[in-house]
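Morning, everyone. I'll walk through domains, interfaces and rings. Have a look at the slide.

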Amino acid sequence: MTAQKNRLGQGGRIDRTKPLRFTFDGKTYYGYQGDTLASALLANGVSLVGRSFKYHRPRGILSAGAEEPNALIQLGLGDRTEPNLRATQIELYDGLVAESQNRWPSLTTDFGAANSIFQKFIPSGFYYKTFMWPAKGWMFYEKFIRQAAGLGKGPTEQDPDRYDKLYASCDLLIIGAGPSGLAAALAAGRSGARVILVDEQQELGGSLLSERTAEVDGTSAADWVAGAVAELAAMPEVTLLSRTVAWAYYDHNSVSLMERVTDHLGPVAGAKQPRQRLWRVRAKEVILATGAIERPLVYSDNDRPGCMLASAARTYVNRYGSMPGQRAVIMTNNDGAYRAALDLSEAGVTVFAVVDLRSDPQGELVKAARAKGIEIITGHAITGVKGKLAVTGVDIMPLTADGKGVTSASRHIHCDLVLSSGGWQPTVHLHSQTRAKVVWSDDIQAFVPGNKLPGQNNRSIGGAHGVFGLADCLAEGHAAGSEGAARLGFGAQSGQAPSVSGEPAEGALLPVWIVPSDKPVGQGGKHFVDYQNDVTAADVMLAHREGYRSVEHLKRYTTMGMATDQGKTSNVNALAIMAGLRNVEIPSVGTTTFRPPYTPVTLGTFSGIDKGDFLDPIRKTAMHQWHEQHGAVFECVAQWHRPYYYPKLGETMHDAVNREVKAARTGVTIVDASTLGKIDIQGPDAAWFLNMVYTNAWTKLEPGRCRYGLMLGEDGMVFDDGVTSRISENHFHMTTTTGGAPRVMSWLEEWHQCEWPDKKVYFTSVTEQWSVMALNGPLSRKLLEELTTDIPLDDATFPFMSFKDGHLAGVPVRIFRISFTGELSFEVNCKPSHALHVWRALMQAGEKYDITPYGTEAMHVLRAEKGFIIVGQETDGTITPYDLGMDWIMAKSKTDFLGRRSLTREDTKRPDRKHLVGLLTDNPNEVLLEGGQIVAHVKDRPPMEMIGHVTSSYYSPNCNRSIALALVKNGRNRMGETVYLPYEGKVIPAKITEPKFFDSEGKRING
Amino acid sequence: MKQRYSIFSLVRNALNYHADWQEAWRSPDPKPAYDVIIIGGGGHGLATAYYLAKEHGITNVAVLEKGWLGGGNTGRNTTIVRSNYLWDESAHLYEHALKLWEGLSQDLNYNVMFSQRGIMNLAHTVHDMQALRRRVYAIQLNGIDSEILTPAQIKELVPMLDCSPNARYPIMGASFQRRGGTARHDAVAWGYARGADERGVDIIQNCEVTGFKIVNGTVQGVETTRGFIGAKKVGVVVAGHSGVLAGMAGFRLPLESHPLQALVSEPIKPILDTVVMSPQVHVYVSQSDKGELVLGAGIDAFNSYAQAGSPPIVENQLNALCDLFPAFSRLRMMRQWGGIVDTCPDASPIIGKTPVQNLFINCGWGTGGFKATPGSGNVFAHTLARGEPHPLAVPFALERFTTGYLIDEHGAAGVAH
Amino acid sequence: MFLITCPYCGARDEHEFGYGHEAHIARPTPAEYEQMSDAEWAQYLFMRKNTKGVHFERWVHTKGCRRWFNVARHTVTHEILAVYEMGKPAPQIDTEKK
Amino acid sequence: MVEAYQRRSALNHFGLAARANQGGHATAGVILGESAHRTIINIRGDANDAAFINAVKSVTGVDLPTKANTVNKAGDTGILWLGPNEWWVVTTPDRSDELVPALRQAFQGQHTAVVDVTESRTVITISGPKARDALARGISLDLHPRVFGPGQCAQTGMSKCNVLLHQTDDKPSYDIYVLKSFSDYLWQWTEKIATDFGLAISAA
């Protein structure tokens, strides 16, 4: 097997017995189980992994975690390819295929790098200043800019993988399983509380996994972690989630997590298990133990491949046994970086020197490094980095007394690794997402969490609020865990706080936000602040010069912090530089508010399995299978699927609908009307209530009789309609439109509960307690007679607008004699579990009458022939009963009903509003398009004044011509006028008529 | 006179390391009094100031912004620009805006990256198609470009869409406005600010209005965190906070402030060249020039000033998106945020007079404000300058809630308490 | 995602509820509204406080018991300060609270 | 009589009876089934009115549960709490014709409502060691034994449907009451979720 030239002989948490093969840009490499792609690449001596967004600068690996701005990878192939993944977080698996991004033809020779020749012409915001000529030119320039932008490639095929999503609840949600998180989980878990502990990495332990020297409870950090994890795993009420990132903190302690279930196994695993899982957690209390992120120093050409964070190098060596380089130079403004110096040289990396920006560092770690014979160059700075595709060396110069400049004397050191540490920024993202403030700490020169937001219940511990000592973190974690559990009523045993030995004390940090170089910033090498978006210190200065000085203007103008890493390593440096330019305190520049997600989250996890038919339920009636078996074409109405029409072999929609419509007026037809809303209303005030919600009067309706009613919103606009029947004195059965059913039910409850709670009435939805099939046509009575023995069907005993209970085909039914077609009509209501039986019985007995099932389209035609409205078609929330010409349904006697007052408003009572009228085209075969706009006078080109639109339009086989309903300004006073419909390149003349086209005297209702 | 922006000035400045670029706008201290004070340094407010100076010669003007310019909905929207509205009143107003968009970069000498890549509204049901036709025919007869696309044409323009007839929400057709598109939202605020500043307007950031001085029903000026500032006329252009300002002036508005959420994906190479909207499933999506998919959804139902909404909205939106675009499900959300939109019962804005003399208001743009920015500023400037509403603004007066002459752009009725 | 305590069913996730907008807006009686000008009627019909701070509003437990109730909620922090039954008066809460 | 043998359950077309015979119940993580035609009577009344409480007891033999989200049972009849003035009387099939008049009779003179809703809903039963995990995919309620146990019920959302959830034992087993028009969707959705946990079908 090919050697891994930068792999240490021993040490680290990788499994050397499990070698893994992978390719990067087509070249084959080997790594080990436990590697990340980054650690494996480094072990193979690969330091060049990407190109920057704008200048296409060669880039390496800066970090070892979620903050990585440079090492973005296109992972996988075909329909499973994924852009912009951080090599530092990709777990290595056998057969992994990785490609670098944003370069052509190859990483080493990238034509895009031509940009860096023009780089001085394309500073931040250059695009606001040009591409304005010629006037329409932008569309041309934009094409090229779009092609140049955009990093990786998205897949173009359907995603083959599955996702999962679920809800979870717990007492304590602990985010981050480093020292403080683990200690908190142990304390809380022991007390019996329900705990969820999450960590974004494949292993729990956080910084302890990179710890070489310090000991916890007398054992090595690694052993202590193993023990802690084992103890937690054995607790029934503790859930451990590794490979899980807490990416959002929403209101009232709801936190969203994304678990990478099978990503680390490679593409094959996807089929058996979901690839990723969205957790929606509601916690009583949330402990944020999210640690801290090291800040890079901003020095000249600090982006060369081989420039890295000091702590990252330490992690690669200690945790992965992988050497980021052979010969290292370290620049720092704090003691922490000396840990890297010590551990690296311990591991066999030559550490030439630590360049300390401080003049006289005295911390224990500094002494230890000195003792180890590492050269420590104090009061100096790295002023330049040599090498293009990889670091070859650095220049070092002494700092002037004020530290703002350098003196001439220069020294060059050959090296292939430049580490820097500018101090640590607590990971306050989730705290900030709660919309609580962050505050500046002068001690650690970083933002720390401020007070929590009322209504949230979270606290930050350890590194997440600026406590960096291992002992302190463990103690804080233990306290937070036991106190949290106690607050939630778990008093039991939470044990002792873990003890720590071998932890040296650290000296103070010296804030240095721009490391000076021999040339003024912006004129020599580039001082990168935001690596991924190529924002330099010079860009920040330009933004300041041009007045983009608040933090948000700075971000938006320079795009600093707007890349996929959301500025994890750049925000504070940029703020501090701007503060320096403005000569104000850092916080007064503003603090950036962090938005979800902490790291990017896969869109597919939001769907889970809810794709295709699971996207939204399809509601089906009891007769649905029959409709399917008999070739119905379905129409979506609200969530229902209703038969649209039933084409026979070779029939067009037109043929089928005409046949169905004719049958309804000549023979007998049947339609599934089960979807109509039905509401049971009971109580002594039921009639009073109907008087309030309907425009007409209900008190005098006799039991056994039915009445049509119109409902208005309080604004006077038509809201719903339907037939309501009086079952007994205090008992009514209301029907509503299909789409309006839920709306009307909550409308009634709202008014009852909120406005008239003293009224004695109860509402119960019975929409699905009844299946409804309406028989229409002159032969419908004949047909029914054959199937019932106990329901008299003659007009005298069973008149129009009444109902009867009895039996049909041997089962109990309630039959309403109401009609939406103007024909003799019976609406049979029965139990859904009997519906198919009744339907079949009617079809069977009806065969000799050639009984015809019809769908919603025929229903629409039939009611339009009679000029009956459909709410939502003839109305759109702006139409009053008077507009519809339904004055007859407006009770004059009643002093009050919903919407009454609004009808007398100045505009609402205008006589010349839009009125519902009929339209007859001059050409009887021309069927107008619904939605067609109407003009009184045609001009040769728009604009033309519109006076209304077509609300319903059909071919009526019973009238042997097309018919249409329309809303037309002042329409009732325009009877007989010819109007025009200009659309689809033609102009159709039509005459305004009464909105009734068939049986206008209403004779047919009794057959 | 400010430096002109052009490729030449860019090259010239490059030679001395961009050391000579001027401030885009000054940061003056407030004067004791102005002819006109505009409250709100968003796109609409800055545009108002710009047109006051440019078209009405009124330059003794201050724009007061409590935070930073464009920090409200201007910098938080999904940057969609279109004029495909149903009712004549809206169509004329938004078309007025669209015409201004078409020359805006040149007018401002600031590239707002107005990209007329076309806006598509999908229809999923028979009823959708009827509503869509009604809308398109009305737009066409108003002399505005709009057309109806077949599923085949849609697939051609947006290959990533799932156009299969057995989809849960099958695509039956779409309306398409080719002149619609997107623009760079921040640039609009900055460009107007620069243009207004150049003409003498004082732009004052970090200056929050805390009250009005009103004598005998006439406004005299405003109390601010930087002291009292007198004014002959005051225009309130504060979107989500309109209710708060109205409260200070002692009247109420038919407004509720709601969260409107948006999000972007990670940047990827171009895969979506037009703006696609599906009102039925509450999704709209476009791809920015940086490569990010920019997504918006419906508003959260509850009142809020938090600039943050609830997860279910986003969850349902992404659920629907991945169904419309099956390949998007592997992409990742990079950032989500919320704005505060002030919505009217009829989903149309309020432009014009208030119960207080010389106090004018421009609000209620709800989710549609960005696209209207130039038109809104233009007609409001006219309204402030003349003291009488611009002809296009007349139908949008506060009065309409008394007469009932609503301009219902969502078909929903007024909310009874 | 809000956690709202239904006075009848207990604490449930926001998605179970419907929003009912500003609370304590009484509908004028016919006797009253007959006397009202269109402008006064518009106050009832459309004009709202739209409070920034503690907002008294109505919610309905749509997926639960279908009961309406009142909530005092801060519109900036989203903190829920009180939940009380329909018909009860608004509790005293420091509405200056920000 | 005709009535009985002509009845079809809402999930009849999935042929559950046949699938139930395929076994796998011992190893299954989740067992799904349909309990069809269960009698469900919606009653409304004043929980503070002794007369009402007594009337309910006299007809059903069950104490009216006045504690939120609880169920009282006696024999094969249970009363489920739906809201402060709303309950379901739930019992074996075909009891409506006897119970509805009996309840109305017993409630004479009180402001109450009795509505038969038997036909509007079917019951999907779910049980087994992984039932909670399956439900967590669609229900945001905390179903942990410390919080929600046998004898408790709740109206809530499941996937994209409204349901009434009733835990009947600590296996755990649950009854999911759902409107028939949604039952097709909810069954298929639950079945797909359950497959990951090892699915078996139980006979009605």
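Start inside chain B. Two salt bridges cross the interface of domain 1 of chain B and domain 2 of chain B. A salt bridge here is a side-chain nitrogen of Lys or Arg within 4 Å of a carboxyl oxygen of Asp or Glu. Arg179(B) makes one with Glu95(B), with 2.7 Å between the closest N and O atoms.

Ground rules before I go on. This is a predicted model, where local features need pLDDT of at least 70, side-chain atom pairs count only at pLDDT 80 or more, and totals for chains, interfaces and linings use all residues. Side-chain values use heavy atoms, with hydrogens and water left out; residues are numbered from 1 along each chain as its sequence is written, while chains are lettered from A and ligands numbered from 1 in the order in which they are written.

Back to chain B. Domain 1 covers 25–110 + 184–255 + 346–403, and domain 2 covers 119–180 + 257–343. Those bounds come from an automatic or database domain assignment. The two C-alpha centres lie 28 Å apart. In contact, meaning heavy atoms within 4.5 Å, are 32 residues of domain 1 and 30 residues of domain 2. The buried area is about 2,600 Å², with 54% from carbon and sulfur atoms. On the domain 1 side, Arg76(B), Asn84(B) and Leu86(B) lose the most area, together 25% of what that side buries. Buried area is the accessible area (1.4 Å probe) that two parts lose on being put together, summed over both.

Now chain A against chain B. Here 121 residues of chain A touch 102 residues of chain B, in contact by that rule. About 9,800 Å² is buried between them, 55% of it from carbon and sulfur atoms. Tyr128(A), Arg146(A) and Leu603(A) supply 9% of what chain A buries there, more than any other three residues. The salt bridge count is twelve. Among the salt bridges is Asp161(A) with Arg330(B), at 2.7 Å, N to O.

Next, chain D on chain A. How many residues of chain D are in contact with chain A? The number is 45, against 53 residues of chain A. The area buried is about 4,000 Å², and carbon and sulfur atoms give 52%. His111(D), Glu119(D) and Arg137(D) supply 17% of the chain D share, more than any other three residues. Five salt bridges are counted between these chains. One of them joins Asp610(A) and Lys160(D), at 3.9 Å, N to O.

Last, the rings. Rings of Phe, Tyr and Trp (its six-membered ring) pair if their centres lie within 6.5 Å; planes under 30 degrees apart are stacked, over 60 edge-to-face, the rest tilted. That gives 59 aromatic pairs over all chains. Trp104(A) and Phe111(A) have ring centres 5.2 Å apart and planes at 85°, so they are edge-to-face. Tyr694(A) and Trp698(A) sit with centres 4.8 Å apart and planes at 25°, so that pair is stacked.

Buried or exposed? Trp104(A) and Phe111(A) are both exposed, whereas Tyr694(A) and Trp698(A) are both buried. Buried means under 20% relative accessible area, exposed over 50%, partly exposed in between (1.4 Å probe, protein chains only).

One more ring contact, back at chains A and B. The charged end of Lys129(A) sits over the ring of Trp21(B), 4.3 Å from its centre. The rule is NZ of Lys or CZ of Arg within 6 Å of the ring centre and within 35 degrees of the ring normal.
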